[in-house]
Amino acid sequence: MDIKKKRLIFRCVKIAVIVLVSVMMIGMLAPIYFVIIRSFSPAEELFPLKVFPSKLSVSNFADLFVGTGALGIPYSRNLFSSLIITLATVILQIPIICAAAYVLSKVKAPGIRTFNKIIEWTLILSPLTLYAPQYLLMLKIGISDSLFAMILPFIVSPIAVYLVRQYMNLIPDEIVYSARIDGASHFRIVFGIIMPMAKPALCAIAIMTTGFMWSFSGELFVSSGDIKPLGAFMPIFASDDGTVGVLCALCAVIIVPVIILSIVFRKEIAQTASFAGLKETEK
Amino acid sequence: MPVKHKKGQTLGTLIRKNMGAYVLALPFLILFTVFIVIPLIVTVLLSFFSYDLNGGFEFSGIENFQSLFSMGGEFSGAFLNSLLIFLTVGLGGFVLCFAAAWGIEFLNRKFADILTVLLFTVSLAGTAVSAVWLSGGLRSPLNSLLLGIGLSDVQADFLADERYALLCVILSGLWSSFGLGFLALRAGFRKIDREKADSAKLEGVKNPLWILYYAEIPQLYPQILFASAVQISYAFTNSEILRILSGTSTEDFKAGGILTCIFGSSAELNTGAVCAANFILIAVMTAIYAVVRFVIGKLSKSV
């Protein structure tokens, strides 16, 4: 009887957790669904809010990027700007982070221990928390108000390098050791052997960075309208009833690529989650 | 370690031997120094100096901090907001992540993987989507939705309204808190050594909370540390990203934290005071992180 009772309680807890998670999921998925479905709705379908609109069109996207409709100006240039900062950050970040994480995890040389400690203590610093001094610095070296101002500060992220380092800690040292004996250089070991093995962690990092950069608004980092990324224009469309469709289209452009990336790399994300056992560093 | 060093090797030979490794880390080190180390030093230095555009520096002690707190309670309000957002979004988000990571563990493996990816993806889009719903002041999509379902008295410019701003920031913050910290916690639960939990079950322990506390959490300290670092960094910056994406000005934003002060006050405050505000922000974050590290360090030693 007692065991039955406990089993019942356990089952109740299990059901409660499932219900809670599903409610959370619906609460989070519904707003995303509405944004996407409204981005494909022509103006007459927007009000009132419909779960299944009877007509779909791409006119909102045309307004946004070709400049038809009420806007009159195309925002394709800003799309290009977003594309450049996202691609440049990710493409530069992956090898740089990967090489640094390898050195932190697998090389025993003077100074590496201190380097590890510094990374552990700077984990909490994201680029935004250092914005003010960074801005002064970029003003001094003359890269403020350029695309560089939106790329360079976001390449080095202590969180990213820490995650990749922890993942690499799980790769046996013997692999590196035997490659060294065979005469392979550090460079070849990183990019030939270690990088493919650390792919899941690198994918998670790449998706995270893409998500951040692709929705980046560039406020305060740049002031010229031409090079402002897409995120900067969300507030502009929001203040007018006539551009709600365009706003949803812009938001869809901002979130859908990230969602697609996560779905494409779902295996890697789940793998990061299954093997990235972040074991304590003994260094 | 890959290359065993013999004792008695001089520092010079060690460095020369590993030159390749140093060169590999060089791009990271340069960018890290320029964009993190130097800004940190600049923050600390400038907050104790008065600085004018002609390039003159003068030591001013805590004058900058005094001018911050004397600006009509604005900074103290922002400071309190930041702490409040940390307590709700930071701690609450951590508890949510942990509970979700634990709860998912009871599901079958395939479903667990799908749910992990789904939560991660959905939370990546969280801030942008909540910004869309909240932007546009009184004509925001959320307002028209509320009007549509008949709640016509709940109409407000949500982020500029004292009654709703914090709530919106907190909900949006919780929504998008399933990031890398969540992935790390999931990883932790995945690789847990089940031996202890199984033996507890054999001895008749049926309460999953008991098993979680005594057999599972002690194995999760590294993940918990990482997830809390992510949450700390996230809790102090996310409301600002929401503000920028929704186009609310710093004066209107009623849930502004220290970062809002830094972003918005560049006109009224001198560089020294902005750096002092930044110094306080980083000091608070580091203090919280240090406490978390200390507690986890103590706990993991006691196991």
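Select the contact between chain A and chain B of this predicted model: 88 residues of chain A and 86 residues of chain B take part, two residues being in contact if their C-beta atoms, placed from the backbone, lie within 7 Å. On the side of chain A that touches chain B, highlight helix H1 (residues 2-39), which gives the most, with 12 residues; helices are DSSP runs of H or I with at least four residues, numbered from the N terminus. Coloured by class, that side of chain A shows 62 nonpolar, 15 polar and 11 charged residues. Here Ala, Val, Leu, Ile, Met, Phe, Trp, Tyr, Cys and Pro count as nonpolar, Asp, Glu, Lys and Arg as charged, and the others, Gly among them, as polar.

Residues are numbered from 1 along each chain as its sequence is written, and chains are lettered from A in the order in which they are written. Local features need pLDDT of at least 70 and side-chain atom pairs count only at pLDDT 80 or more, whereas totals for chains, interfaces and linings use all residues.

Next, select residues 180-190 of chain B, helix H8: 11 of its 11 residues are buried, so the helix is largely enclosed by the rest of the structure. A buried residue has 20 or more other C-beta atoms within 10 Å of its own, with C-beta atoms placed from the backbone. Among them are Phe182(B), Arg186(B), Phe189(B) and Arg190(B).

Finally, return to chain A and select domain 1 (2-65) and domain 2 (76-275), whose bounds come from an automatic or database domain assignment. Their centres, taken over C-alpha atoms, are separated by 29 Å. Contact between these domains of chain A involves 13 residues of domain 1 and 12 residues of domain 2.

How values were computed. Helices (H or I, at least four residues) and strands (E, at least two) are DSSP runs, numbered from the N terminus. A residue is buried if 20 or more other C-beta atoms lie within 10 Å of its own, exposed if 12 or fewer, and partly exposed in between; C-beta atoms are placed from the backbone.
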